[in-house]
Each structure stands twice: as structure tokens, then as C-alpha cells.
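Here's a quick briefing for someone meeting this structure for the first time. Have a look at it first, then read on.

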Amino acid sequence: MTDISALDTPAVLIDIDRVEANLARAQSYADSHGLKLRPHIKTHKLPRFAKRAMELGAVGITVQKLGEAEVFADAGITEIFLPYNIIGAAKLARLRALAERVNISVTADSVTTVAGLSDAFADAGKPLTVLVECDTGMGRCGVQTPEAAVALAQLIAASPGLVFGGLMTYPAAGQVEANAAWLAMAKSELAAAGLPAAVISNGGTPDLWRAHEVTAATEHRPGTYIYMDRFQVAKGVGGFTDCALTVLATVVSRPTEDRAIIDAGSKALTSDTLGMTGFGLIEAYPEAVITGLSEEHGTIDLSKCATKPVIGETLRIIPNHACVVSNLFDTVHLISGEQLVETVDVAARGRVG
């Protein structure tokens with residue numbers, strides 16, 4: 001095997017041993033609490049990791065776009081959840097084509113979305129399962145009250161070509177109690193209306209280890225847990241030794257004693273800060289701060305470092321947000337320890353729809 005020091009930079013390294021440990025730990029947690037796990041593939045976009053999660057016990061996968069669903073269906077994965085409002089004739093035609101070869105379910109949060117889905121599936125050979133998306137505190141998509149969830153569920157159940165499948169939410173991080181109360185109320189009101197929710201799908205990695213406290217939920221959809229990142233460590237989900245994805249960069253300039261420039265900018269590390277200072281953690285120099293990113297340069301403040309990197313030195317950086325990094329590179333390098341195992345294409349990178 002090749003030592004990673006031989007790789008050109010910037011490059012994405014994926015520690016497969018850490019990936020395996022992260023997958024196993026989350027599945028064990030879900031199993032111990034009677035929760036089903038339906039991991040989100042947006043973080044890695046690699047069918048091999050989706051298949052491995054299912055080998056460990058996951059009931060299927062979650063995708064965010066039709067393009068991702070198509071890639072993973074082509075790879076042989078047949079249990080797919082797409083929690084997104086599918087709007088427009090072109091996308092609805094693609095969804096119907098997918099539904100003819102895999103078991104796919106979607107979400108809706110409006111009468112308009114439901115009408116489009118029904119028009120597309122009214123004469124289909126099998127009905128489409130549709131869950132109601134609920135805004136339990138995130139402030140993004142979703143019906144705003146349990147009562148609205150019941151009303152939309154009734155519409156789905158009455159619409160040709162559709163089957164009401166339950167509820168879905170992507171909650172705000174740290175609002176476990178509010179999320180739990182909202183879903184419990186909606187579950188009760190649905191049951192009273194004669195429409196029990198077969199699936200109540202909760203999501204997110206930041207509160208993964210509290211998922212069992214959302215007692216109405218039947219499944220959880222973590223994504224970033226497979227790689228972890230600096231933000232997830234800040235949220236207490238794991239430690240830096242759990243972070244499987246790093247960006248390998250080279251120091252290309254030392255214009256001053258306290259400044260270094262690397263060949264990884266916003267096109268390699270992402271400009272997301274997620275409320276944190278800097279744009280990633282440099283493993284070998286944790287006191288260093290990546291203070292700025294242009295497209296192909298990263299600026300590092302070394303003023304607090306006792307020792308400092310030199311020109312030509314390679315640095316491994318834990319990014320703030322691993323999911324974005326996956327979509328910035330055509331290929332990633334799978335490693336074990338310091339050895340390269342395999343270089344693979346990011347199969348669903350850049351897929352749209």
C-alpha cells in the first residue's frame with residue numbers, strides 16, 4: 001500500500017477504521033433503544049458505505065435529492081427515503097420512474113405538493129408512500145402544527161395514487177424536548193382521527209445520542225455521524241479521534257513568522273463556520289487558527305503555536321462541516337492508519353434534482 005504522504009494535495013482522506021466504528025456505534029445505540037436507523041447518505045455519497053450500514057442493521061437509506069436516489073438505486077439499494085417536496089413535471093416523472101424499480105417514499109408539507117404527487121401516481125401500478133413533513137422547531141420546511149399534520153395526512157390518504165406513511169421531521173439541534181412533545185401530540189391526534197402513523201421519522205446527528213428521548217419516533221436519520229467533523233465534536237457527539245474525514249493540505253507559503261498559507265481554500269474546506277471560530281482544526285497544530293479562505297488559499301494564524309509548520313509540510317485538517325467537503329471533490333482516498341487503501345469516485349457528488 002502507498003503511504004498517504006505520497007498523495008497530491010488538496011485531498012480528502014477517509015479513515016475506514018473510524019467509519020466502521022462510527023457506523024457500528026450508532027447501530028448498537030439504535031438497536032438497544034428499539035429504534036430503526038435510516039442513515040442519510042448526503043455526508044458520504046458512496047454506495048459502499050450505505051451498503052455497509054445496511055449490513056450492520058440499517059433499514060434503508062435517506063437521500064436529499066432525486067439525483068442521489070438515482071445513483072444509489074443504480075447501485076442496487078432498494079429501500080430509499082427522500083424527505084423533500086418534489087415539485088414540477090420533470091422531477092415527478094423521474095420520481096415515478098424510480099418508484100417503478102425501488103421502494104421509495106417521500107414527504108410533503110403542502111396541498112400543492114400532494115396534488116402534484118397524486119397527479120403523477122394516480123394511474124401507477126403501486127401507490128407512493130408520502131409522509132407529512134413537520135416543523136418541530138427548525139424553521140425550515142414542514143407543517144406548523146399537529147392539527148395541520150392531521151389535515152394534510154387526511155388529504156394524502158384521500159388522494160389517488162398515494163398512501164399516508166406517517167410523519168417526518170428534521171428538528172433544531174438541542175431542542176429534543178420540544179421536538180418530542182410536538183411529535184407525541186401529532187401522533188395522538190392522528191390516532192384519534194383514525195390515521196395512525198406507521199412511521200415517525202426523526203433526524204440529525206447533533207442529538208443522536210438523545211434520539212431515544214423522542215419516544216414517538218420509530219426511526220432516526222443521522223448523516224454526519226459516519227464521518228463526524230469539528231461541529232459535531234463541538235456538539236459533544238464524539239471526539240476528534242472519531243473524525244474519519246480529513247483534508248490533506250500543503251503549506252505553500254510562510255510570508256511572516258506567524259502566518260502560513262495552505263493550498264486548501266473554500267473549494268476544499270468549505271466556508272461554513274457553523275458558529276465556530278476558524279475553518280477547521282489542524283491535527284498537528286491544534287493551537288493554529290485557519291482565519292480565512294479564498295478559493296484556493298487558506299490563511300493560518302500561527303501566533304499561538306510553540307512549533308510551526310514549514311513550507312512543503314502537509315497538514316491534516318478536520319473540517320467544520322464534512323458533508324460539504326464530500327461534494328467538493330470528485331474522488332476521496334480511503335485510508336487505514338497512514339496507508340492508502342483505495343481511491344474511489346464520490347458517486348453522487350453534484351447530482352441534482
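**A first tour**

Leaving aside neighbours within four places in sequence, Thr107 is in contact (heavy atoms within 4.5 Å) with Phe81, Leu82, Pro83, Tyr84, Asn85, Thr113, Val130, Leu131, Glu133 and Met168. Keep in mind that this is a predicted model, where local features need pLDDT of at least 70, side-chain atom pairs count only at pLDDT 80 or more, and totals for chains, interfaces and linings use all residues. Residues are numbered from 1 along each chain as its sequence is written, and side-chain values use heavy atoms, with hydrogens and water left out.

- Thr107 sits in strand E6, residues 103-108; strands (E, at least two residues) and helices (H or I, at least four) are DSSP runs, numbered from the N terminus.
- Thr107 has a relative accessible area of 0%, and that makes it buried (under 20% relative accessible area with a 1.4 Å probe, protein chains only; exposed is over 50%, partly exposed in between).
- A polar atom of the Thr107 side chain lies 2.9 Å from the backbone nitrogen of Tyr84.
- Ile14, in strand E2 (residues 11-15), is buried too, with a relative accessible area of 0%.
- Ile14 and Leu340 are 326 residues apart in sequence, yet 9.5 Å apart in space, C-alpha to C-alpha.
- Setting aside neighbours within four places in sequence, the contacts of Ile14 include Val19, Phe49, Tyr227 and Ala244, and also Val332 and Ile335.

- How many of the nine residues of H3 are buried? Seven of them are, so H3 is largely enclosed by the rest of the structure.
- Those buried H3 residues are Leu66, Gly67, Glu68, Ala69, Val71, Phe72 and Ala73.
- They pack against helix H2 (47-56), strand E4 (61-62), E5, H4 and E6.
- Just after H3, Gly76 takes a positive phi of about 100°.
- In helix H4 (residues 89-99), the buried residues are Leu92, Leu95, Leu98 and Ala99.
- Seen down the axis of H4, these residues fall within an arc of 120°, so they line one face of the helix; the arc is that of the directions from the helix axis to the C-beta atoms.
- An α-helix has 3.6 residues a turn, so residues three or four places apart point the same way.
- On the other side of H4, Ala89 and Ala90 are exposed.
- The buried side of H4 packs against helix H3 (66-74), E6, helix H5 (111-121) and strand E7 (128-134).

- The largest pocket holds about 860 Å³ of space. A pocket is an open set of points on a 1 Å grid over the protein atoms alone, where a 1.4 Å probe fits, with protein on both sides within 12 Å along at least five of seven lines; lining residues have an atom within 4 Å of a point.
- Of the 38 residues lining the largest pocket, the closest to its centre are His40, Lys42, Gln64, Arg140 and Tyr170.
- The second largest pocket has a volume of about 170 Å³; a volume is the space filled by probe spheres set on the points, which are joined across faces, edges and corners.
- Among the residues lining the second largest pocket are Arg38, Phe81, Ser105, Leu131 and Glu219.
- Strand E5 (79-82), E6 and E7 each supply at least two residues of that lining, and the largest share, three residues, comes from E5.

Notes: Polar contact = N/O pair within 3.5 Å; in protein donor to acceptor, adjacent residues only side chain to side chain.
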